[in-house]
Amino acid sequence: MKLHQLRALVSIHETGSLQDASAVLHLTQSALSRAIKELESELGITLLVRSNKGMTLTEYGQRMLGHARQALESVRRARQEIEDMKGQVVSEITVGVTPVTALLAPLKQVLLAFQQKHPQVMLRVLEMRPTQLLQHLRDGLLDFAMTSQLPASTVGLDWQPLCRLAGAVVVRKDHPLRHVKSLRQLQQATWISVDPLGDAQSQFNQLFQGSALARPRQVFECTAMNLAVKMLIDSDAVMPISEPALGHDLVGLSDLSQHFHKVQVQEPIPDYFINLVCINRSYLTTTASQLFGMLRQSLDNATQQV
C-alpha cells in the first residue's frame, strides 16, 4: 500500500472522476487508474465503480477512504513537524468545536493567548455538530476537538474529560406551558433539536431516553443554532440547551435568559460532557500539543473555581 495509491483514491472520491482527479494531482488518467488497480489487486477487493454519477466508492472503498485520509494526514503532519523544527514552515492547527464548547470563555482566552505566543502558527477553528466532529477526527481532518457529547463508542479516539455543563429545557417567556412540571406534559408540543434526530447520543434524545419516555412526534431538526434560537423566541416550541448558553449573545440579544423561561421539570436533564478528543495525543505536532495542553489546563482551572 503506497501513498500515491491512497492519494488517488481520496482525490477520485472528492472530485468524482478520473479526469478531474488527474487535473488536481497533475497525473495522467492512466497513471491514476493504474494506481487504483494496483491497490485493489493488493487488497483483493473493488474500491471504485463507474456509474452515471461518475466514479463512486464501493462499501470496501468507503471503509478504506477514512484510513487513506488518516494516513495522508499523518504523513503531512509528520513532514510539517520536522520542517517546523527546522524553522522552514509555518505550522497549521485545525481544531473542531461544537456550538456549546464555542461559548466557553476559557476557549476564547486560550486561543488569544496562543496566537500571541505563536504568531507564526496558522490556526483554524471549525464549528460543527458532535457527530461531525468525530467523523472529521477519524478522517484526519482535525488535529483535535473540544466536544460536548459522549459517543456510543470511544474506540480509536483519545478522550480527555474536562467538565460538565448543566442542561436546561427552555421555552419563550410567555409560553402557555412554561409552568408544567413534567416532560410528559410537553410531549405533545413542538420541539427543536439542534442535533440530527438520528444521533442517539444527542441531548434531545438522551433527555427522553433517560426518563424512559417516547420521543415527541413533532420535532423540528435545525442544526443552525442561531436560527433555532430565533424560532424558539417566536413560537410555542420547546428546546434543550446548555445553561451557559442562556447568558450569551447568540442572536443579537445580550442575555437570552431574559427571553426564555427554564421549565422546571421533575425528570433529570442530562449534562453536557465537555471533552478534548484526538486520535492519539502522541501524534499531535509540538504546537498542537501545546494548544491541547493550554486548553486542558485552562478548563481544569475554570472548573476548580466554580
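Contact here means heavy atoms within 4.5 Å. By that count, residues 24 or more positions apart account for 73% of the contacts in the protein chain with a separation of 6 or more. The structure above is a predicted model, in which local features need pLDDT of at least 70 and side-chain atom pairs count only at pLDDT 80 or more, while totals for chains, interfaces and linings use all residues. Residues are numbered from 1 along each chain as its sequence is written, and side-chain values use heavy atoms, leaving out hydrogens and water.

Let's start with the whole chain. It has nine helices and twelve strands, taken as DSSP runs (helices H or I, at least four residues; strands E, at least two) numbered from the N terminus. Along the principal axes, its C-alpha atoms fill a box of roughly 70 × 50 × 35 Å. Of the 306 residues, 45% count as buried, meaning under 20% relative accessible area with a 1.4 Å probe, protein chains only.

Now to the nonpolar cores, each a set of buried Ala, Val, Leu, Ile, Met, Phe, Trp, Tyr and Cys residues joined through side-chain atoms within 4.5 Å. The largest has 25 residues, and Phe144, Met146, Ile274, Leu291 and Leu295 have the most contacts inside it. Elements giving two or more residues to this core include strand E5 (144-147), strand E12 (272-278) and helix H9 (286-305). H9 gives the most, with five residues. Beyond its neighbours within four places in sequence, Ile274 touches residues including Met146, Leu162, Cys163 and Leu165. A second, separate core of 19 residues includes Ala8, Ala21, Leu32 and Leu39.

The table gives their packing, with axes as lines fitted to C-alpha atoms over the stretch in contact and angles running from 0 to 180 degrees between N-to-C directions.

| Pair | Angle | Axis distance |
|---|---|---|
| H1 (residues 3-15) and H2 (residues 18-25) | about 120 degrees | 8 Å |
| H1 and H3 (residues 29-43) | about 110 degrees | 9 Å |

The angle with H3 makes H1 roughly perpendicular to that helix, a label for 65 to 115 degrees; under 35 is roughly parallel, over 145 roughly antiparallel and the rest oblique. On the H1 side, the contact with H3 is made by His4, Gln5, Leu6, Ala8, Leu9 and Ile12. From H3 come Leu32, Ala35, Ile36, Glu38, Leu39 and Glu42.

Definitions and conventions: Buried means under 20% relative accessible area, exposed over 50%, partly exposed in between (1.4 Å probe, protein chains only).
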